Each structure stands twice: as structure tokens, then as C-alpha cells.
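Open the model in your viewer and keep the sequence panel beside it. This tour tells you what to select next and what is there.

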Amino acid sequence: MAIPKRLGKNTNGYLGETIDINSVLRDCFVSATAHGWNKHAITVNQEISLAAFIRPGVVTGESTDQPTRRKPRVYISTGIHGDEPAGPLAIRQLLQENKWPEGFGLWVCPCLNPTGFIKSTRENASGVDLNRQYLQPQAPETIAHINWLSQQPMFDLCLCLHEDWESHGFYVYELNPDNQPSLAEGIVKRVAEVCPIDTSELIEGRPASNGIIRPTIDPRDRPQWPESFYLLTYKTKLSYTLEAPSDFPLETRVAALVGGVRSALEILAQPLTRITTTE
Ligand SMILES: [Zn+2]
């Protein structure tokens, strides 16, 4: 396929396509229903709730002498920034295609900032960047989301889907404090088939290598935690933030995020790479 080119639309922020988030979420709901997912509405307040879909994973071996083994549990979230439409569209496509690794437990939040999407702003309708709220949450969306997360089990992998309006291509931010087998190279390799990779040595002020950012100091020293720091602290030991370049065509960015998620799950599903025991 032809390599997509930058559109040159974005100046001081995202100026590309917008989506009808309610229509996208309705499509997600229809697919989740058709494929037997559990559907949660996380109540934020009288006007807003956050959708969440769960497909419990398969546990095998309980009746044998073997330790109980289960398939990986994966959490995928997106739509925390209302000017990043590719994430909810990627989740919609993944739910519609319904091709998930056998037996995996899946937790999916398709839109964490519904009021931001109505206004097409990074922040919610009250002007709060929800992805800076996770150390000391004030926003009702974040409080409700954390409350819901605290009721869920530990995850083997968390994927947060984002877009970056000024990046030169796709990149991924890895949080892997236990040095587990990395999924980052596999993610970048797959995404490179459909979308340029940002090969800058510095991305968002952080050292990067072939589209991968690996922080060398504990990033949680930062005072304003994004969702991924909360996840790393309380819910997982392996987290990737996937960033699609939003100055490229929307279909390219959606393909990048869908490909990134698929590659991460496929690597995790390889039996020799990892078999997870219960925590
Ligand atoms: Zn974002």
C-alpha cells in the first residue's frame, strides 16, 4: 500500500475529523451484545455514564493437581481525550470484528471522556484533562472510573489508546518495571505495515528509539498521573500507551491502533512466551 502522508492540518492542536461519539458507542453496544459481552454503565452523575464491556476469561486446570491456570486478562481503554477520535473507532472495529485470542479475559472502556467528544476537546466539558487526574482525582469521570477499576481483578496487560496531534508517526510508551518480555517491538512492527512510525530520538521530551519510549526513572514521580500510572500502581505490571499520529488520515490512525492491539494480544497468546498463574 502507499505510505500515508501527513495532512498538515493540525496547528496548535487537532483540527481533523470529529466523530458522533454516541453513534460510535451505540455501535459498540450492539456488537458487544451480539457477541455476549457483559455490559457495564459506570455512573458518573445524572447525565453521564461510562460504557465498559467485559468478557470474562477462561480458567482451566482447577480440578487437577496443576496450579490453577488462566488465560491472560487484558484491559483496553480509550477516549479519555475528546479530540482523539481514532481510539473509539478502533475499539468499535475490534468489537465488530470480534477476533480475540481464545479464552482471554477482556475489559474494554471505549470512551472515558464522553463530554469531551461532544465538544471535540482534549478536556472534559468542565475543562479538565482527565488523563492528569489519576493521583488525586477530582473530576467525577475519574472518580467513577477508579471506583469501577478497583472492583476489577489484576490485569496481565493494559493498553491505553491515544493520538498525538503533532507526532511524525505512531509511537508507544512502555511501562514494564519487572522487565517482562516486551511487546513493544512487535507492536511497532505490526503498526509499521499500515502507518508511519515516529523515529525521532526525542518524543514529547522523552528519549525514544524506533517509536518506543521506555522511561528509565519511575515516571510516577510526576505529580499529575495519567491513567496508565494508576494502572501500573494498582492493576498491572505491564502497560502500553499507543499513540497514533493525528495529522495522518483517520483510517490510517484507526488501522494503527487496531493493528497495535491485535499484535499485543497475539504476542501475549503465544504459549511459549508466557503462561500466567493466578496472583
Ligand atoms: Zn490522548
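What follows is a walk from the sheet to the metal site, then on to the cores and a few single residues.

**Before you click**

This is a predicted model, in which local features need pLDDT of at least 70, side-chain atom pairs count only at pLDDT 80 or more, and totals for chains, interfaces and linings use all residues. Residues are numbered from 1 along each chain as its sequence is written, and side-chain values use heavy atoms, with hydrogens and water left out.

**Stop 1: the sheet**

Colour by secondary structure. Helices (H or I, at least four residues) and strands (E, at least two) are DSSP runs, numbered from the N terminus. Find the open sheet of 10 strands. Its order is β1-β2-β6-β5-β7-β12-β8-β11-β10-β9, and the pairing is mixed. Two strands pair if DSSP finds at least two bridges between them.

Which strands stand at the edges? They are β1 and β9 (202–203). Each has a single partner strand, so one side of each is left without a neighbour in the sheet.

Now select β1 (38–43) and β2 (49–55). They pair in the antiparallel sense, over six bridges. A hairpin through five residues joins β1 to β2. Show lysine 39: phenylalanine 53 in β2 stands opposite. Then show histidine 40, whose bridge partner in β2 is alanine 52.

**Stop 2: the zinc ion**

Centre on the zinc ion. Its protein donors are His81 (ND1), Glu84 (OE), Glu84 (OE) and His162 (ND1), at 2.1 to 2.3 Å. Donors are N, O and S atoms within 2.8 Å of the metal (3.2 Å for Na, K and Ca); water is not among the atoms, so sites may look incomplete. In sequence, the donor residues are spaced H-x2-E-x77-H.

Glutamate 84 sits in the loop between β5 (73–78) and α2 (86–97), and histidine 162 in strand β7 (residues 157–164), so the pair ties together parts that are 78 residues apart in sequence.

Why is the arrangement irregular? The four donor atoms subtend angles of 58 to 153° around the zinc ion. Four donors count as tetrahedral if all angles lie between 85 and 135 degrees; four count as square planar and six as octahedral if opposite donors are over 155 degrees apart and all others between 65 and 115; anything else is irregular.

Check burial here. Buried means under 20% relative accessible area, exposed over 50%, and partly exposed in between (1.4 Å probe, protein chains only). Glutamate 84 counts as buried at 6%, and histidine 162 counts as buried at 4%.

**Stop 3: helix α4**

Select residues 140–149, helix α4. Seven of its 10 residues are buried. These are Glu141, Thr142, Ala144, His145, Ile146, Trp148 and Leu149. Their cover includes β1, β2, β5, β6, α3 (114–119) and α6 (227–234).

Zoom in on threonine 142. At 1% relative accessibility, threonine 142 is buried. Beyond its neighbours within four places in sequence, threonine 142 is in contact (heavy atoms within 4.5 Å) with Leu130, Gln133, Tyr134 and Pro137.

**Stop 4: the nonpolar cores**

A nonpolar core is a set of buried Ala, Val, Leu, Ile, Met, Phe, Trp, Tyr and Cys residues joined through side-chain atoms within 4.5 Å. The largest has 49 residues. Select those with the most contacts inside it: Ile76, Leu157, Leu159, Leu161, Phe170, Tyr240 and Leu242. Helix α7 gives the largest share, 10 residues. Another core, of 32 residues, lies apart from it and includes Ala144, Leu149, Cys160 and Ile203.

**Stop 5: the cysteines**

Cysteine 160 is buried at 2%, and cysteine 195 is buried at 3%.

**Stop 6: two last residues**

Pick threonine 216, in the loop between β11 (212–213) and α6. Threonine 216 is exposed, at 80%. Finish on glutamate 266 in helix α7. Glutamate 266 is partly exposed, at 39%. Its C-alpha lies 9.9 Å from that of isoleucine 187, 79 residues apart in sequence.
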